[in-house]
Amino acid sequence: MISIVETLMSGVMLGALYALFGLGLSLSLGVMRMINIAHGDLIVLGAYLAVLVTGRTGWSALASLLIVMPLMFAVGWLMQSLMLNRVVGRDAMASLLLTFGLSIVLQNLLQEIFTANTRSLEAGDLALMSFQIGSLSIGVLPLATAAATVAVYALTGALVARTHWGRQVRAVADDPGAARLVGVNDRRLFAAMTGLVLAAISLAAVLYGIRTPFSPSAGPERLLFAFEAVVLGGLGSLWGTFFGGLILGLAQVLGQQINTGLGAFFGHLVFLVVLIARPQGLFGNGSKP
Amino acid sequence: MLCATRLSASYGLFQALFNVSLTVAPGETVALIGSNGAGKTTLLRSLAGALPTAWMSISLDGQSIGGSSEREQLRRGIALVPEGRRLFASLTVHENLLLAEHNGRPGNWSVMRVISELPTLANLLERPSTALSGGQQQIVAIARALVANPDYLLCDEVSLGLSPLAVDDVYALLAKVRRNGTAIVLVEQNVRRALAESDRYYCLRKGQLVLDGVSARADRHAIAQAYFGV
């Protein structure tokens, strides 16, 4: 019984991270109609930036976020305004090719700078701390991860639903041409959005890096899980991506209990089954592309 | 004074406007007439900054403003009500208006004033903008351009697909806009209505200006000839 609860907790933590990975993809797909193939490599870049910062300052991995998050925001802003904005609104192939190229450049750059060795991030004491409820022990880190993910989603949701910025985002997602006619600066909006996405990604990257070692070539796998979270939840549904990530994480961890090597396989299996049963995703309405 | 001088515009290789020149004085209503594909929408979109144009080809009060973005034109007081209304489906009626007001210029029109002038809107504010009748949507689309406080309101096919009653509502709103001192450029399929609602008219055919004049003294016969090119 206790081991089941602990397994579930571990699944929720992993799922929360996938949900954070998926958030950025979901947003850029929904608003910019663009798929960023380099998404996974940007996650890995965030983890390596954290390695750099912890190495230089001696801070813990979580404290390094104070520097890594603003840095990644800047990277996102620059990447969007200098590069990706040139292909937004063009046919899908242009953005696919550009971000595919970006993905390769990032992987090789990381390999050049940090070598191909696997690294991991140290959480310090936090990784070992846990609550004791009866005979049940719940780790602080998984709990904090889940809480952080819910907070990021709730914040993003409120930003989109209640602020002027969010109205602009929804207007652009509906009809970019009409949005420009009411004075929306879509290019700057995209730059800010990609900045926020990368800031959220760096949070996920550091938390994931504490849990799982990474190497410069780990990006595509991250991208795959992020994608599965988005599609599982249904395109165009923010909280759909959240639950998509959770389901994926739970499936992988439960799968690991059945056979240690088949965690990812069970994740893909659940993904396939859902896709067959509900091609529009769990929360997708099926009408939007 | 909003002027187009030898304005040309293209969609890729297809040229839709050829050296069109027109003027719109502050406060006047100008009708653009012509058959489908004559270039009326292209002309409005060029003026509003939605299509790339040469810098010298559009001027406002003597200053060249061609090649600007929609946002820059909006800030100068040129707003377009696009064909097909194009309200934002994910936004409520209220949000559609708030968004435009926030990005627009300060002035006489505000979301508050629009609501008080159009009481029927008050009950619809929290609805998704797609859950309205065509006529209501058109009113909201015009209101959305109005709250940016333009000096020049460009209206593309504002009566298309509406019932006669709804069309009257739309023109009642435009009459209020006119009384406010705002200039209107009107694209309208119904030539009789276009002439009745305007001070002057321009007739386009195949991307070229073929006739213009004062609406009250318009010669039906000359317009029919210009319209169809016979």
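Two residues are in contact if their C-beta atoms, placed from the backbone, lie within 7 Å. Keep that one in mind. Helices (H or I, at least four residues) and strands (E, at least two) are DSSP runs, numbered from the N terminus. Axes are lines fitted to C-alpha atoms, for helices over the stretch in contact, and angles run from 0 to 180 degrees between N-to-C directions.

Now, what are we looking at? This is a predicted model, where local features need pLDDT of at least 70, side-chain atom pairs count only at pLDDT 80 or more, and totals for chains, interfaces and linings use all residues. Residues are numbered from 1 along each chain as its sequence is written, while chains are lettered from A and ligands numbered from 1 in the order in which they are written.

Let's start with chain B as a whole. Its secondary structure comes to nine helices and 10 strands. The radius of gyration, taken over C-alpha atoms, is 17 Å for chain B. The globule rule, 2.2 Å times the number of residues to the power 0.38, gives 17 Å for 230 residues, so chain B is as compact as a globular protein of that length. The C-alpha trace of chain B spans about 50 × 35 × 35 Å along its principal axes. In chain B, 47% of the 230 residues are buried. Buried takes 20 or more other C-beta atoms within 10 Å of a residue's own, exposed takes 12 or fewer, and partly exposed lies in between.

Next, the sheets. Two strands pair if DSSP finds at least two bridges between them. One open sheet of chain B has four strands, in the order β2-β1-β4-β5, with antiparallel pairing. Strand β4(B), residues 58-60, is joined to β5(B) by two bridges. There, B:Ser59 stands opposite B:Ser64. Which helix lies across β1, β2 and β4 of chain B? That is α1(B), residues 40-47, running at about 65° to β2(B).

A second open sheet in chain B has six strands, ordered β6-β7-β8-β3-β9-β10, and its pairing is mixed. Why is one side of β6(B) and of β10(B) left without a neighbour in the sheet? Each stands at an edge with a single partner strand. Neighbouring strands of this sheet are turned by 15° against each other on average, direction ignored. Inside it, β7(B) and β8(B) pair in the parallel sense over five bridges. B:Leu153 stands opposite B:Ile184 in β8(B).

On to where the chains meet. Here 21 residues of chain B are in contact with 16 residues of chain A. On the chain B side, α3(B) gives the largest share, six residues. By class, that side has 12 nonpolar, four polar and five charged residues. Ala, Val, Leu, Ile, Met, Phe, Trp, Tyr, Cys and Pro count as nonpolar, Asp, Glu, Lys and Arg as charged, and the others, Gly among them, as polar.

Last, one residue in chain A. A:Gly240 sits in helix α10(A), residues 238-258. Is A:Gly240 buried or exposed? It is buried, because 24 other C-beta atoms lie within 10 Å.
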